[in-house]
There are 2 protein chains.
Amino acid sequence: MIKAYAAKASDADLAPFELERRALKPTDVKIDILFCGVCHSDLHQVRNDWKNSKYPVVPGHEIVGKVTAIGDDVKNFKAGDLVGVGCLVDSCQECGACKDDLEQFCEKGATWTYNSPDKHLGGHTFGGYSESVVVDEEFVLRVPENIAPEAAAPLLCAGVTTWSPLSHWKIKKGDKVGIIGLGGLGHMGIKFAHAMEAEVVMITTSPDKSKDAKRLGADAVLISKDEDQMKKHQGSFDFLLNTIPVGHDLNPYAALLKRDATMVLVGAVEPLEALHGGSIIMGRKRIAGSLIGGIKETQEMLDFCGEHNVVSDIELINIQDINKAYDRLQKSDVKYRFVIDMQSLKSS
Amino acid sequence: MIKAYAAKASDADLAPFELERRALKPTDVKIDILFCGVCHSDLHQVRNDWKNSKYPVVPGHEIVGKVTAIGDDVKNFKAGDLVGVGCLVDSCQECGACKDDLEQFCEKGATWTYNSPDKHLGGHTFGGYSESVVVDEEFVLRVPENIAPEAAAPLLCAGVTTWSPLSHWKIKKGDKVGIIGLGGLGHMGIKFAHAMEAEVVMITTSPDKSKDAKRLGADAVLISKDEDQMKKHQGSFDFLLNTIPVGHDLNPYAALLKRDATMVLVGAVEPLEALHGGSIIMGRKRIAGSLIGGIKETQEMLDFCGEHNVVSDIELINIQDINKAYDRLQKSDVKYRFVIDMQSLKSS
């Protein structure tokens, strides 16, 4: 049994919990967890907002740690390696999606890092708010040694969620890219788009976020409540990355797109307000979705982060402070990602 | 002055009207109108549904006729040619959209065939419910001589509106293409997708449309109200062409798309019901709009129709019956397009 933190019901605080990890299969890697990022979806799952939570919930899918043991057939990792685990720990590896390196869309259903049926032990999977984890090497990522491991943890979800659409829609030097919403996802969107040499515009309702947006790499800030500013930027964006985590009106943002340009939603897994057909019929515009990223592109993202020295802006906490952190997360009171120092678990 | 039919106010029936056409400029073509299709947008404009109508409204943008005179510099047409005019009669010819052969998105504003500011005579443009029209040759289309001219008229709007997205999204042999909605647009969508050798599925709420859908070229019919059928086709479509002309729920249709596949809206220029973000985030799906087509692709569509013998299914009427036709159009009581025999105007 290993130490962890879990929620035992939708109204329960996270509290110490003990869980079992499986014995190593030949292709498994055992990882001692150093750091685990706190994703907004952890909060959704703990509170059963998506009505699919299974208790106890041990959240955490932004895991960075050290390999401590490997199965006999493991080829790519050895003890001591700095590695990461994101949202996925398994998939069928055979369907069209898996063959296209998009395991998140596995046609037989990917195994998520927590709250997903556990093929090995039965029950459901437990995430990274724990001492260690055992993962098939196909789902283990290599974390560059030159970036701070605690600040790399959020790359495993917030990072790849914003990287994937920017990469898939081939954002390049000089493209005018708008990042809508400045939170855990948005701040990574700014950093990546900036590192890709795009012209980055932070689009936010809050004028007080301007200074920080520019520090993160935005070339300009567009206040979406200011109709004159919105009109000035109308029809001028090559790409919009929409990170707003709740339902909202897409029409004003669609108006910002150039002809044939795309806005990608990564945040709002809930109903949006009524889209006007004319908002996309005029200008042959596109609205698309994107969900985290496959293992191959997660590794590409991490390698890019090593080369360009991109990490998340984080606030490091002890696991004992996780419930307070959730309260602050709900008020968007974090710049920009809580990361748990898992060493703190030892004193639980 | 030439004879025409016009609505003088939003609550007025269409009635005989006389209008002036401009004298030929050097690049102009004069066309005697043989046939004019009746588009649903004619009805919207006559009734001021879009709040931008200018009266009197002379509708009609599905025009087929014979060239009777040409300006001194006209290069591509001569008297006697069978030609067409669609939704566009002018654009700046200089902006990015015009240079990309997408004059419908002219950045300075295209001149629409009716109800658009008239650069030459002042006032606004008058459409094809009239004896003749004068149009710059850049906006005149060549109609293949081997297809029935009356059945070719609706190609100029309903045709290119459905052709353009099927062509732009590169529908090819074997693609599973769903055409949503069987009306003036949908019936052309079936014919084109079938001629492109796609596997065509007609998606409709009405089981009684099945037989006709198959006659038009559909390989199968999917009744969208039947949840079992919808589930069976889930995640299986390479492309969806959504011709529904009113606001509706996109979510059940988005569920039909394969990963990375696109649904294009061409009908609903009005607010849609709430889209769930998850409907496109799961599967990285895309929803796009498309508006008629540029002049180049309209000609490509007409040439394709000549080669593949594709025309619209029409009901030929006299102009004196136009108000009755509008009443039937509003009840979707037409298979699938009214076309006015403009010879009837002579007896008005």
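This is a predicted model: local features need pLDDT of at least 70, side-chain atom pairs count only at pLDDT 80 or more; totals for chains, interfaces and linings use all residues.

**Domains.** I started with how chain A is divided: domain 1 covers 2–157 + 312–347 and domain 2 covers 159–289. Those bounds come from an automatic or database domain assignment. I then looked up the spacing, and the C-alpha centres of domain 1 of chain A and domain 2 of chain A lie 28 Å apart. Eleven residues of domain 1 of chain A are in contact with eight residues of domain 2 of chain A, where contact puts the C-beta atoms, placed from the backbone, within 7 Å.

**Ground rules.** Residues are numbered from 1 along each chain as its sequence is written, while chains are lettered from A and ligands numbered from 1 in the order in which they are written.

**Chain A against chain B.** I looked up the interface next: 28 residues of chain A are in contact with 28 residues of chain B. On the chain A side, β14 (257–265), α9 (278–281) and β15 (286–289) each supply at least two residues. Helices (H or I, at least four residues) and strands (E, at least two) are DSSP runs, numbered from the N terminus. The largest share of that side, four residues, is from β15(A). By class, the side of chain A that touches chain B has 16 nonpolar, six polar and six charged residues.

Pairing here needs at least two DSSP bridges between the strands. Within this pair, Arg286(A) stands opposite Ala288(B).

I also superposed the copies. Chain A can be laid on chain B with an RMSD of 0.0 Å by a turn of 180° and a shift of 0.0 Å along the axis, so the two are related as by a two-fold rotation axis.

**Gly277(A).** Gly277(A) is in the loop between β14 and α9 of chain A. Is it buried or exposed? Gly277(A) is buried, with 25 other C-beta atoms within 10 Å; the cut-offs are 20 or more for buried, 12 or fewer for exposed, and partly exposed in between, with C-beta atoms placed from the backbone. Leaving aside neighbours within four places in sequence, its contacts include Leu265(B), Glu270(B) and Gly289(B).

**Core.** The largest nonpolar core has 230 residues, of which Val85(A), Met202(A) and Met202(B) touch the most other members. Such a core is a set of buried Ala, Val, Leu, Ile, Met, Phe, Trp, Tyr and Cys residues joined through C-beta atoms within 7 Å. Not counting residues up to four places away in sequence, Met202(B) touches Ile179(B), Leu182(B), Ile190(B), Ala213(B), Ala218(B) and Val221(B).

**A strand in chain B.** Five bridges join β3 (residues 28–37) of chain B to β8(B), antiparallel, and Ile31(B) has Val133(B) as its bridge partner.

I found a cis peptide bond between Tyr55(B) and Pro56(B), omega about -5°. Pro56(B) is in the loop between α1 (40–46) and β4 (63–70) of chain B. The bond from Lys335(B) to Tyr336(B) is also cis, with omega near -15°.

Gln93(A) is not a glycine, yet has a positive phi of about 65°; Gln93(A) is exposed, with 12 other C-beta atoms within 10 Å. Asp101(A), not a glycine either, has a positive phi of about 60°, and is partly exposed with 15 other C-beta atoms within 10 Å.

Key: Two residues are in contact if their C-beta atoms, placed from the backbone, lie within 7 Å. Ala, Val, Leu, Ile, Met, Phe, Trp, Tyr, Cys and Pro count as nonpolar, Asp, Glu, Lys and Arg as charged, and the others, Gly among them, as polar. Copies are superposed by least squares on the C-alpha atoms of residues with pLDDT of at least 70 in both.
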